[in-house]
Amino acid sequence: FLMIVACSYYVVSNHIPPRASLSESVSMITLVMLNAAQCLAIIGLVDLSWPSEVEIFFSTSQLFILDLDLYGLRCIMGSQTFSNYLFTVLLVPVTQLWLVLCCWASSCLAKERQWSWPRVSCTMGSLLLSAFSTTTMVALTPFMCYGHPNGSRSLLKYPEKLCEEPGVLDTTGLVMLTLYVAGFWVVCLYGACCLPSWMMQRRRDMVLSFRFLIFRLRVDSWWFEVVWMLRGPSLALVILLWADQTAVQVYTLCFCFAMHLLFLTFTWPWKVPIMNWFDTLVSLFLLSLVVVSPSARQDGEEASTVVMALFATVIAVLVLLVIFVIAHRGALTEQNVFFNLGPVEFPEEMRAKMQFFAHELQKVRASRIERVLDQMSVHDLRLISASLDLLVAEIIPEPEQPTDVTGATGSPGSPTAGRRISMQLLRRSQTVNHCASEQSVPEECASE
C-alpha cells in the first residue's frame, strides 16, 4: 500500500496543459468512479429491504468506506471497537507522513531525482480529495447511531458500542473531522479563491501545490471540485441527522442528488467532453436508485434491481474507457469524435477564421455592433464575453509583459486573468479613441 502511495508522486505532473493528457484522463475517470462507489456505499447504510441482487453491490461498495468486516481484518485485530476504529483513522495521517518521509529521504539522491515539496503537496491533496467521502464517513462513525426499542442507542458501524458511553472514540472522530474534513475543505476553498491571482503573479510553487484542484477541469470551471467534493459529506450528514427516520433520509438523499445533478449540468466542468456525460449518467442513476427504493415505491425491489444493473453497466463502461485510454494514447486528440462529442476544427482553420473575422470586424461601424449586441440575449452576451476573456488570456500578451499569461506552470490563463487584461485593453482603446478626437495632445495621450 505504501509503495503505491509513493508511486503516486510520479503521476503528478509539473504542468497543467489545456488539453487533457493520458494521466489526467485516467485520473478523471477514476475519480468519478471512486466517488460514485463511495456514494453507493453511503446509500447502502439506509435501513431498507433491498433485493438480494442489489445488496451484493451495496456490500461490495462498503470497501470504499473502509469497512473492516469486508476486509476480514477484525479477525486479525480482534473485536475491540477502539482498536478497529483507530486503524481506519490512522490510514490517512500515516499516508501523509509517508509522503513527507519519502520527500525528506529523497534529499540524499541526485538533484534531478529529488522530490519537490509542491509536488508532494499536490500528491497529498490528490489522495485526500479522492478519499474525501471515505474520510468523512470514518470521522462521523462515532456519531452515527440508531435506536433500540428499549430507548438505548448503538453505533451504526459498531452495534456492540452504545452511544451513551463516553470515550476516546468521539474525541478521535472529532479531531479527524476537524483536521481532514473541515480543515482540508477550507484549504481547498482558499486555494480555489487564490489560484487566479497566483497565476497572474506567476507563483509557480503555489499553483503546483493546488494543481490537484484544477488540472481535470475546464478553465472557466476551475472552482468546481471545491463544491463537487461536498456531495459525499452531504450524504453522510443525512445518515447522521436522521438515523431512525428512513423516509426522511430517502427524500433528503433525493434532494442532494438532484441539486448535484442540476449543478453538474449547468457547469459541464470536465476537460474531456465525454466525461461530463458519464458523470451526469452516474449521478442520474444514483438519484434513480434512491427514487425507486422500496421505501418510496411498492414495486421498488424490481425497479431498484433494474436501476442497479444500469448503474453497474455505466461503471463497467468507465472501466473499459480507462483501458482504452491507456491502450490508445491518441484517443484524446482533436480527431477523436467519441471523446470530444463531435468533430473539432484544426488549429490552422480556426486561426484563419479568427484573423478573417478580426479583419472584417474592423469594417463594421461601432454603432451597428452596439445595436446588435443590445438586441442579443443574456446567454449569448455572456458566451461572447467569456470567449473574449479566454482569447485575451491565451493569445494577446499583457502590455507590460509581452509573454504568455498561461500561469506559472504552463496552465491556461484563468477567466479572471483574462477579464482583468481585457479591461486593461478596453481602457487603452478608450484612451486612444479619446486622444484621436483631441486636437491638442494632453498629458495622458503623450504617454501612449
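Helices (H or I, at least four residues) and strands (E, at least two) are taken here as DSSP runs, numbered from the N terminus.

**Entry 1: the model as a whole.** I am working with a predicted model, in which local features need pLDDT of at least 70 and side-chain atom pairs count only at pLDDT 80 or more, while totals for chains, interfaces and linings use all residues. I number residues from 1 along each chain as its sequence is written, and side-chain values use heavy atoms, with hydrogens and water left out. I counted 22 helices and two strands in the protein chain. Of its 448 residues, 42% are buried, where buried means under 20% relative accessible area, exposed over 50%, and partly exposed in between (1.4 Å probe, protein chains only). I then looked at contacts, meaning heavy atoms within 4.5 Å; among those between residues at least 6 apart in sequence, 68% join residues at least 24 apart.

**Entry 2: confidence.** I checked pLDDT, the predictor's confidence in each residue, from 0 to 100. The mean for the protein chain is 77, and 78% of its residues reach 70 or more. Over residues 401–413 the pLDDT is below 50, and this stretch has 39 contacts in the model beyond near neighbours in sequence. Residues 421–448 also have pLDDT below 50, with 16 contacts beyond near neighbours in sequence.

**Entry 3: the loop residues with positive phi.** Most residues other than glycine have a negative phi, and most peptide bonds are trans. I noted Arg202, which is not a glycine and yet has a positive phi of about 55 degrees. Arg202 sits in the loop between helix H9 (168–201) and helix H10 (204–209), and counts as partly exposed at 28% relative accessibility. I noted Trp268 as well, with a positive phi of about 50 degrees although it is not a glycine. Its place is in the loop between helix H14 (246–267) and helix H15 (273–291), and at 25% relative accessibility Trp268 counts as partly exposed. From Trp268 I went on to Asp220, which is 48 residues apart from Trp268 in sequence and 9.9 Å apart in space, C-alpha to C-alpha. Asp220 belongs to the loop between helix H11 (211–214) and helix H12 (224–228), and its relative accessibility of 37% makes it partly exposed.

**Entry 4: the second largest pocket.** For pockets I used a 1 Å grid over the protein atoms alone, on which a cavity is a set of points where a 1.4 Å probe fits but cannot get out, and a pocket is an open set with protein on both sides within 12 Å along at least five of seven lines; lining residues have an atom within 4 Å of a point. The second largest pocket has a volume of about 1,200 Å³, a volume being the space filled by probe spheres set on the points, with grid points joined across faces, edges and corners. I found 38 residues in its lining, of which Phe1, Leu34, Leu127, Ser130 and Ala131 lie nearest the centre. Several helices each supply at least two lining residues, among them H1 (2–7), H6 (81–105) and H7 (117–130). The largest share, eight residues, comes from H2. By class, the lining divides into 22 nonpolar, 13 polar and three charged residues, where Ala, Val, Leu, Ile, Met, Phe, Trp, Tyr, Cys and Pro count as nonpolar, Asp, Glu, Lys and Arg as charged, and the others, Gly among them, as polar.

Entry 5: Gly232 is placed in helix H13 (residues 231–241) and is buried, with a relative accessible area of 0%. The C-alpha atoms of Gly232 and Asn35 are separated by 7.5 Å, although these residues are 197 residues apart along the chain.

**Entry 6: cysteines.** I searched for disulfides, taken as pairs of cysteine sulfur atoms within 2.5 Å, and the structure holds zero. The sulfur of Cys193 is 6.4 Å from the closest cysteine sulfur, in Cys194, which is too far for a bond. Cys256 is in no disulfide either, the nearest cysteine sulfur, that of Cys254, being 9.3 Å away. Cys193 is exposed, with a relative accessible area of 57%, whereas Cys256 counts as buried at 17% relative accessibility.
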